Amino acid sequence: MNQDIREQLKSNTRYSPADIESKWMDSWLEAQLFTPEESSRKDSYSVVLPPPNVTGMLHMGHALNSSIQDLLVRLARMRGKNALWVCGTDHAGIATQNQVEKQLAGEGLTRQEIGREEFEQRVWKWRDQYGSTIINQLKRMGCALDYEGERFTLDEGYVKAVYRVFTSLYQKGFIYRDEYMVNWCTRCHTALSDLEVEHEDRDDKLYYLRYPIAGEDEYLVIATARPETMLGDTAVAVNPGDERYAGFIGKRIELPLTDREIPIIGDDYVDVSFGTGALKVTPAHDPNDFELGKKHELDEINVFSSDGRINQAGGEFAGLTLEEARAQIMHRLESDGLVEKVEPYTHSVGVCYRCGTAIEPYISLQWFMRMDELARPAIKVVEEGKVRFYPERWSGVYLDWMRSIRPWCISRQLWWGHRLPVWYCEDCEEIMVGEEPPATCPQCGSSELRQEEDVLDTWFSSALWPFATLGWPETTDRLEKFYPTDALVTARDIIFLWVARMIMMGLEFPGDIPYSNVIINPTIMAKDGRRMSKSLGTGIDPLELIETYGADPTRFGLLNMASAQDVRFADERIEMSRNFCNKIFNAARFVLLGVAEVEPAVSTATLADRWIESRLQATVAEVNQLLDSYEFSEATRLLYRFVWNEFCDWYVEIAKMRLYGDDEGEKREVSAHLLHLLDAILRLLHPFMPFLTEELAALTPGREGYLIQAEYPRADESARDLQAEKDMEELMETITAIRTLRNELGVSPKKEAHAVLVSADEKVRNVVQFNASLIESLSKTVLVECVAEESQASAAGEQSAVALIPGGKLLVPLAELIDLEAEKARLSASISRKKQELSRAEGKLANESFVTKAPAELVENERAKLEQHGRELAELEQEFNRYFGE
């Protein structure tokens, strides 16, 4: 071994992530290890990073998601693939615009005051300043992304792809403009798709209002949670089958606070069990009422403005916020005797996924995309198994949604994003759509053209990510080599927003599925089971975990949590992973400092050698199988068990006998085998913990290149030795039984004991005898005799402790381990004291005055003492009888 490396190993007595992580990331980047070989003839493997928002900071979802992707990409490279992990960020329309608007607000400005052009310049400046934050944080995680090929959803080539897709879909009739009810955010001033609306339960009130019947003294009572919308009512609906209201259909209502009359209509849609069974119909402000209004040809009276105020159609209430209008309307109705009652009411409210503002159903002129025809082939590829979901149950969720897909509102009233490639003629109102701005109107020849103000929904451009990032619509080498990609790792909450749309767009444009495997990673919840959230105070910053524990322990711990089910975050898993890294570091350091100057090689000289090699090959086979089926959590558990329990706790301890022995041949033999095992372990673990394994591999004699360039271990079935595994398991159980017995007897680890093996099985006797020196070394117990029956044992002595082992038992003479008379006296005294304590507790509890007058807590404590004394007395008597008889 190089003297410098030896000195480094001697001086580095503890694993310190901070000392190695940035060093190795810089080295990997300098060597361009993450950029695929353009001229390579290797099979390709590709994964696209779900593009984090340019506003983003690394959160727990990113940390788990990127750990899984990095594992897959490193594994593919080590399996000989030319692997690409596409890097990039999303422009994140609403989120980014909100950030810059906050910045402007701090300067006392609004975007309207500075104008669109200057606002866009401000956003680009903000992006240049903060946009790379999350990419740098991914580097801290050790992510093997193609940083040199980083893409952005607003870079020039990407914009070209977006405009090509929009134009094509418009020409095919999929994209159209219509006035329709949309989800409107009054804070962000934009429409949202159904999938961008989140729902939360809110405590509200249900108002029972009296609606007078025109020309009569009667009224209908309707129940509503939103009395402010009554200004836009155009009907009251009842169920024709509801006998209470059968005679009212066709009559008219004098709508309170207005000078309008509205009809009473009958429709089976009305739920007779909700409220009073009479429904106010407001087609402009409720999606169900909108459909009901279309069916009955009702007027649509919009009484709200886009900023969440009552407009001029609201008469005297115009200009009020919706909350102010509700209060004043209720005050007027109460004054007029038109309020029947008000009840508490909890209901689900749609809110903006970005700012949390309650969504308003709002009729607006928007751009939509018809999805049903695009969905059909996307359904088929999942049904036929060309695209598979892991866990498989998510394919059912995907298919259920796709089979009932609705038109998608793709326009947003924002300034940051892909401005729609749509132009309007000011003279003849002709609509023009194209990839390039038109010079004149093709209809009338006018040059007075204006571009559409709206931008596209961010998810529209994100849907092109797997192929647009590879150069589409151009025919590039990357597109030909790496599309379709192999796997997508993502969260379940964007299956509809993103996963489904990428499949539809991939099939429609490049003409193939975007990926063949969709891995839905679990959600890591807060410790109390709630979702992780800064606002709720339940968030855990993965960067803080990296600072405290290191990137490798954080990654391994998260992967350990990545089962098929959602899981609560546990610090213990990260701490376990840090301890595991320490164990690996210490074991590797021991091997590298202790072995002879030899080449790695397999040894079959001893039972332990054959056993550990067989266990290695079994582990390699199972880990590969688990990774191929994306069972990451189980793979971490298997690796942990093999490395910690079998290699470190058993084989390394056994190997010390030969390393420190006098036989030079044995030392060289075991040294070669240790180096072989260490090399395999480091390669096995590299995709899980790249920094530590790279550091240790670099200290290994003869190592050239980087681990990501090394071959991932493949199982050698010829090296499996099931008999060796069975024999060694029984030997380990024997040693463990002796250790347990010595511990129970309180025997010092340094004190030598003797044992007699009793087994009717000759094979058991032979295996134990043959490995007697190993038993002695690991349990400080000398095997002095092996017999078939206990009556044949001459060295057992009159009193022996018994340790049961597979196929027999060990008799350990007590006289040489403990002072029998002193132990007898100690146990007798302990039993006597315990009986006295038990008697005192029984006496207290037999005292009726104590039980009835003492505080209940004190009485319960005494009962607990009685139970504990009884249990401890039984244990002492059992121990006494075990050694000295009844």
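At what angle do helix 19 and helix 21 pack, and how far apart are their axes? I took this up in a predicted model.

**Entry 1: helix 19 and helix 21**

I looked up helix 19 (residues 571-594) against helix 21. The packing angle is about 30°, and the axes lie 11 Å apart. Angles under 35 degrees count as roughly parallel, so I put helix 19 down as roughly parallel to helix 21. The crossing is left-handed. I then listed the contact residues. Helix 19 contributes Phe580, Ile584, Ala587 and Val591, among others. From helix 21 I noted Tyr640, Val643, Phe647 and Val652, among others. By class, the residues of this contact are 14 nonpolar, two polar and five charged.

**Entry 2: the cores**

Next I checked the largest nonpolar core. It has 147 residues. Phe647, Tyr651, Leu674 and Phe688 have the most contacts inside it. Helix 21 (residues 632-659) supplies the largest share, 15 residues. Beyond its neighbours within four places in sequence, Phe647 touches Ala587, Val591, Ile612, Phe642, Val652, Leu674, Leu677 and Ile681. Another core, of 63 residues, lies apart from the largest one and includes Trp408, Leu456, Ala463 and Ile494.

**Entry 3: helix 11 and helix 12**

I turned to helix 11 (residues 372-383) and helix 12 (residues 393-402). Their axes come within 10 Å and cross at roughly 160°. Angles over 145 degrees count as roughly antiparallel, so helix 11 is roughly antiparallel to helix 12. Helix 11 passes helix 12 in a left-handed crossing. Ala375, Ala378, Ile379, Val382 and Glu383 of helix 11 meet Ser395, Tyr398, Leu399 and Met402 of helix 12. I sorted these contact residues into seven nonpolar, one polar and one charged.

Notes: Residues are numbered from 1 along each chain as its sequence is written. This is a predicted model: local features need pLDDT of at least 70, side-chain atom pairs count only at pLDDT 80 or more; totals for chains, interfaces and linings use all residues. Side-chain values use heavy atoms; hydrogens and water are left out. A nonpolar core is a set of buried Ala, Val, Leu, Ile, Met, Phe, Trp, Tyr and Cys residues joined through side-chain atoms within 4.5 Å. Buried means under 20% relative accessible area, exposed over 50%, partly exposed in between (1.4 Å probe, protein chains only). Helices (H or I, at least four residues) and strands (E, at least two) are DSSP runs, numbered from the N terminus. Contact means heavy atoms within 4.5 Å. Axes are lines fitted to C-alpha atoms, for helices over the stretch in contact, and angles run from 0 to 180 degrees between N-to-C directions. Angles under 35 degrees count as roughly parallel, over 145 as roughly antiparallel, 65 to 115 as roughly perpendicular and the rest as oblique. A crossing is left-handed if the near helix is turned anticlockwise from the far one by less than a right angle, and right-handed if clockwise. Ala, Val, Leu, Ile, Met, Phe, Trp, Tyr, Cys and Pro count as nonpolar, Asp, Glu, Lys and Arg as charged, and the others, Gly among them, as polar.
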